[in-house]
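Me: I would like to learn how to read a sheet and its salt bridges from a model. Can we go through one together?

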Amino acid sequence: MKVIISAGGTGGHIYPALAIINKIKEREPNSEFLYIGTHNRMEKDIIPPLGIPFKTIEIYGFNRKKLYRNFKTIKCFFKGYKECKKLIKEFNPDIVIGVGGYVTGPVIYAASKLGYPTFIHEQNSISGKCNQFLSRYVSLIGVSFESSIKDFPEYKTIYTGNPCSEDAIKKTAMDKKTFGLTENKKLVLIVMGSLGSSRINDFFKESISMFNDKEYEVLYVTGKDSYESFKKLKIPNNVKIVPYIENMTRIMKKTDIIVSRAGASTLSEITALNIPSILIPSPYVPDNHQFKNALDLVQNECAIMLEESSLQGDNLVRTIDVLINDDKKIKKMKTNLKKMSVPNSATLIYENIRKLIDGK
């Protein structure tokens, strides 16, 4: 299989794209790939070291506050469209896949105009503007949340779940001793993404002493840029602080409760691994989509949500204490998470794009 794949901007788009690539490689080891990303976002640092051929285009998202900047955005879109047409003709793929981020706009649009089979995947419960635009041109659409199907033409939209879920299930659990934790104590993992959150970090510094003498242990991930500021604090013995965890899902497999943001890939891992969660959606994302992602889990009684603006005093510690000691609620959450899980998401995506290529 020859595949052009595009995803950019954040790990929430890039890692699902990699999960799809890995599944195609597993099923068809001789497959060839070309990854098209943005020239200045994190995919330029993640993809080339993996040995995946990588090309970039200059592209920007629409600016809703400074509208005059959108003239450059539109100009870059049409320039990128021409560049993508050339790249697609030269590579001559069997399929072109878009996994989110505004870079997918000119890639998928060019592929559809050239008559190639195309597939896009929407990770969030509320569809992004780029995918909404592309939905009228693509051959097939996959969604992570069943509630998202209504946002797209139903005749070509399938519920696949998020491909990161399948990767999460396959990972080997990490030994708690790696972080100085106790194997037989309950674990609360608190993480706000790879970069962390300055607002949550400040709040945690104020409330860290409240975790003293709890029967459970806490593993707190600060984000790489904020770790040094925690070294000055007096840390309770049952709290461990780290800047970053490679392959987070490995320790998630030993986690009893996770406190996290509500990015789509994170929620897919939480769902796949059946981890009860307390979600603090980022209010700094387009269309408040993390709130809507979290709401999907809350309405299915799989999670508790605390909005960032409501964090004060001991309300996070109290929420953790109540949940971790409520065995009945924990069991119900796990049961409901299992119902929502799509454990073979990457496989479903592979099988459907294979059918698309074969004209079935």
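The dialogue below takes the sheet and then the salt bridges.

Reply: Keep in mind that this is a predicted model.

Me: In what order do the strands of the open sheet lie?

Reply: The 7 strands of the open sheet follow the order β3-β2-β1-β4-β5-β6-β7, and the pairing is parallel. At the edges are β3 (54-57) and β7 (157-159), each of which pairs on one side only. From one strand to the next, the twist averages 20 degrees.

Me: How many bridges join β1 and β4?

Reply: Strand β1 (residues 2-6) pairs with strand β4 (residues 95-98) over 4 bridges, in the parallel sense. S6 has G98 in β4 as its bridge partner.

Me: Which strands does helix α4 lie across?

Reply: Helix α4 (residues 104-114) lies across β1, β2, β3, β4 and β5, and runs at about 155 degrees to β4.

Me: Now the charged side chains. Why can they pair?

Reply: Side chains of opposite charge can pair when their charged atoms come close. This structure holds 15 salt bridges. In one of them, E28 and R354 have their closest N and O atoms 2.8 Å apart.

Me: Is E28 buried or exposed?

Reply: With a relative accessible area of 16%, E28 is buried, because the cut-off for buried is under 20%. R354, at 22%, is partly exposed.

Me: Which residues are linked in a network of salt bridges?

Reply: That network links K23, E26, E166 and K170.

Technical notes
Residues are numbered from 1 along each chain as its sequence is written. This is a predicted model: local features need pLDDT of at least 70, side-chain atom pairs count only at pLDDT 80 or more; totals for chains, interfaces and linings use all residues. Side-chain values use heavy atoms; hydrogens and water are left out. Two strands pair if DSSP finds at least two bridges between them. Helices (H or I, at least four residues) and strands (E, at least two) are DSSP runs, numbered from the N terminus. Axes are lines fitted to C-alpha atoms, for helices over the stretch in contact, and angles run from 0 to 180 degrees between N-to-C directions. Contact means heavy atoms within 4.5 Å. A salt bridge is a side-chain nitrogen of Lys or Arg within 4 Å of a carboxyl oxygen of Asp or Glu. Buried means under 20% relative accessible area, exposed over 50%, partly exposed in between (1.4 Å probe, protein chains only).
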